[in-house]
Amino acid sequence: DRDMAVDIRDVFSALEALTSLATDWKRGVTDLERQGPVLPFQLGDYLLEREIDRGGMGIVYEAQHTNLQRRVAVKLLKTTSLTTAKEFQRFHHEAKAAARLHHTNIVPVFDFGEANGFHFIAMQLIDGTAVDRLVGDLKRTSKSEAKQSTTLAKLPHYGSTAYWDHVASMGAQAANALQYAHSQSTIHRLSLIHISEPTRPRLIS
């Protein structure tokens with residue numbers, strides 16, 4: 001009947017509105033997750049100047065501590081309106097766990113907290129290449145190209161016994177740092193091991 005037709009029409013209108021709202025909401029979350037602050041950006045005592053990398057949980061910037069005039073790396077937690085208290089807690093737990101680690105092959109954490117609505121971790125800035133990226137590049141590189149690689153410039157002659165001894169030494173250093181981190185109940189992923197100058201493996205929070 002006519003009353004039922006009106007009810008059905010109202011239901012479909014409501015469903016259409018909800019569908020549109022859900023689409024906009026998903027699009028909005030995606031846009032927010034892609035965004036970071038417009039650089040340069042003053043975050044408390046840190047001036048963020050350049051984006052270095054980003055992952056599923058955070059964005060890493062090269063920054064300067066404005067009072068100490070020290071170059072650092074600052075990791076920001078990517079947040080949206082849906083970021084939960086548990087995710088904030090996990091981020092802070094990560095910072096505290098990393099700050100407790102003291103090892104030659106582990107990048108030290110200097111500071112963590114919240115400023116301007118962003119949760120952050122400040123750590124030593126190192127020049128280096130993530131192991132997973134380095135391995136991927138080497139797989140796509142011929143021996144002749146590898147000899148010219150700036151990443152391998154400080155290693156012994158590529159393919160020589162000394163070269164493999166050096167690679168084994170770096171592996172042993174990384175394994176020792178991982179064992180130490182694990183003994184402190186901290187787990188690291190392969191991608192968070194960087195080879196820094198002079199060809200030293202460093203674990204990053």
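Tutor: Before we start, a quick definition: rings of Phe, Tyr and Trp (its six-membered ring) pair if their centres lie within 6.5 Å. Keep in mind that this is a predicted model.

Student: Okay, so how many aromatic pairs does the count come to by this rule?

Tutor: The count is 2 aromatic pairs. One of them is formed by Phe-41 and Phe-118.

Student: How are the planes of Phe-41 and Phe-118 arranged, stacked or edge-to-face?

Tutor: They are edge-to-face, with 75° between the planes and 5.6 Å centre to centre. Planes over 60 degrees apart count as edge-to-face.

Student: Which parts does that pair tie together?

Tutor: Phe-41 belongs to strand β1 (residues 41-43) and Phe-118 to strand β6 (residues 118-124), so the pair links parts 77 residues apart in sequence.

Student: What is the relative accessible area of Phe-118?

Tutor: Phe-118 has a relative accessible area of 21%, and is partly exposed.

Student: New topic: what sits over the ring of Phe-110?

Tutor: That would be the charged end of Arg-70, 4.1 Å from the ring's centre.

Student: And the sheet with β7 in it, what's the strand order?

Tutor: The order is β7-β8-β9, in an open sheet of 3 strands with antiparallel pairing. β7 (128-130) and β9 (200-203) are the edge strands, each pairing on one side only. On average, neighbouring strands of this sheet are turned by 30° against each other, direction ignored.

Student: How many bridges do β7 and β8 pair over?

Tutor: β7 pairs with β8 (residues 193-196) over 3 bridges. Thr-129 has Ile-195 in β8 as its bridge partner.

Student: Which helix lies across β8 and β9?

Tutor: Helix α5 (residues 161-183) does, running at about 20° to β9.

Technical notes:
Residues numbered from 1 in each chain as written. Predicted model: local features only at pLDDT ≥ 70, side-chain atom pairs only at ≥ 80, totals over all residues. Heavy atoms only, no water. Phe/Tyr/Trp six-rings, centres within 6.5 Å; stacked < 30°, edge-to-face > 60°. Helix = DSSP H or I, 4+ residues; strand = E, 2+ residues; numbered from the N terminus. Buried < 20%, exposed > 50% of the residue type's maximum accessible area, 1.4 Å probe, protein only. Lys NZ or Arg CZ within 6 Å of the ring centre and 35° of its normal. Pairing = 2+ DSSP bridges. Axes fitted to C-alpha atoms, helices over the stretch in contact; angles between N-to-C directions. Contact = heavy atoms within 4.5 Å.
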